[in-house]
Amino acid sequence: MGKPLHGERILITREETKAAEMADKVTKLGGSPVIVPMIEINFPEKLEDTAILERLSDFSWVFMTSANGVDGFFQLLRKQQITFPEGLKIGIVGKKTEKVLHRYGYAASFVPETFDAQAMAEAFISFYTSDKPVLLIRGNLSRPTLPEKLKEAQIAYEALEVYETTYCVESKQKLNQELPTVDYITFTSPSTAEAFVQLAECIPNNATYICIGNTTEDKARELGIPDLYTSIPYTTDAMLDLISTIANERKINHE
């Protein structure tokens, strides 16, 4: 029995540090991975971060929506030699985020069933019972949905930006060389879709675009990217399962 990806060329646009794992999965499924990172993640240290970290006990919850947020937050704690308060609860989004949290030795008290930003925010608000504020761990390009929903619900919060996402401009030449040759283009965050549109000289109509979730799909659609599909659940494994399904259906239809 043949492998499900049938030699399809799949463009991986996520940051370089995470692209190799996804590329390995593509290869094992019989596909041909093309790694062209659209974004870079950095963890800058700012003086104002220390002031918030020193009063962590003022908060009831710390909420992290990405693995990068978890890494950035706990790296800052270690650098500043600050102990995570015992009574502080953790809310996270996503299996990958939860896995990274466990690596630091912590478990989440809130993990939403859906990764859709609006549903996630509403679920957390119904779960929240404290009179203390919430600390949101964010990146410079994080979506405003959660802060907006907390504000609507009159829940006090502060935000701590622990990582920066920038466009990987040095990938532009390789991207435009590879674009005519790829069958599928994957977006693992709204930022990868935004960077793709900025760096691509044209948006190919002959490729199929695979998004990791509704938030990423909404951004891609807003940017005018055609032929969009979204994986459920919102994981890279599910993205590759979806590509396998599409590839097999197309193969059958052409036989």
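**Labels and the values behind them**

Me: Which residues of helix H6 count as buried?

Reply: In H6, which spans residues 145-152, they are Leu-146, Pro-147, Lys-149 and Leu-150. Buried means under 20% relative accessible area, exposed means over 50%, and partly exposed is in between (1.4 Å probe, protein chains only). Helices (H or I, at least four residues) and strands (E, at least two) are DSSP runs, numbered from the N terminus. Keep in mind that this is a predicted model, where local features need pLDDT of at least 70 and side-chain atom pairs count only at pLDDT 80 or more, while totals for chains, interfaces and linings use all residues. Residues are numbered from 1 along each chain as its sequence is written, and side-chain values use heavy atoms, with hydrogens and water left out.

Me: What makes you say that the buried residues of H6 line one face?

Reply: Looking down the axis of H6, they fall within an arc of 165°, so they line one face of the helix. That arc is taken from the directions from the helix axis to the C-beta atoms. On the face turned away from the buried side sit Lys-151 and Glu-152, both exposed.

Me: And what do the buried residues of H6 pack against?

Reply: Strand S4 (61-64), helix H5 (117-127), strand S6 (134-139) and strand S7 (157-167). Contact here means heavy atoms within 4.5 Å. After H6 comes Gln-154, with a positive phi near 60°.

Me: Why are Cys-168 and Cys-211 called buried?

Reply: Cys-168 has a relative accessible area of 6% and Cys-211 has 0%. The limit is under 20%, so both labels hold.

Me: What makes a set of residues a nonpolar core, and how many residues does the largest one have?

Reply: A nonpolar core is a set of buried Ala, Val, Leu, Ile, Met, Phe, Trp, Tyr and Cys residues joined through side-chain atoms within 4.5 Å. The largest has 47 residues, and Phe-73 and Phe-196 have the most contacts inside it. Helix H3 (residues 67-80) gives the most to this core, with six residues. There's also a second, separate core of 17 residues, which includes Ile-210, Leu-242, Ile-243 and Ile-246.

Me: Which residues does Phe-196 touch?

Reply: Setting aside residues up to four places away in sequence, its partners include Leu-11, Met-38, Phe-187, Tyr-209 and Ile-225.

Me: Why is Glu-98 called buried?

Reply: Its relative accessibility is 19%, and the limit is under 20%, so Glu-98 counts as buried. Glu-98 lies in helix H4 (residues 95-103). Leaving aside neighbours within four places in sequence, Glu-98 is in contact with Ile-92 and Val-111.

Me: What sets Gln-81 and Asp-227 apart as backbone cases?

Reply: Most residues other than glycine have a negative phi, and most peptide bonds are trans. Phi is positive in Gln-81, near 55°, and in Asp-227, near 50°. Gln-81 is in the loop between H3 and strand S5 (89-92), and its 73% relative accessible area is over 50%, so it is exposed. Asp-227 lies in the loop between helix H9 (214-222) and S10; at 33% it falls between the two cut-offs, so it counts as partly exposed.

Me: What makes the bond between Ile-232 and Pro-233 a cis one?

Reply: Its omega is about 0°. Pro-233 is in the loop between strand S10 (228-230) and H10.
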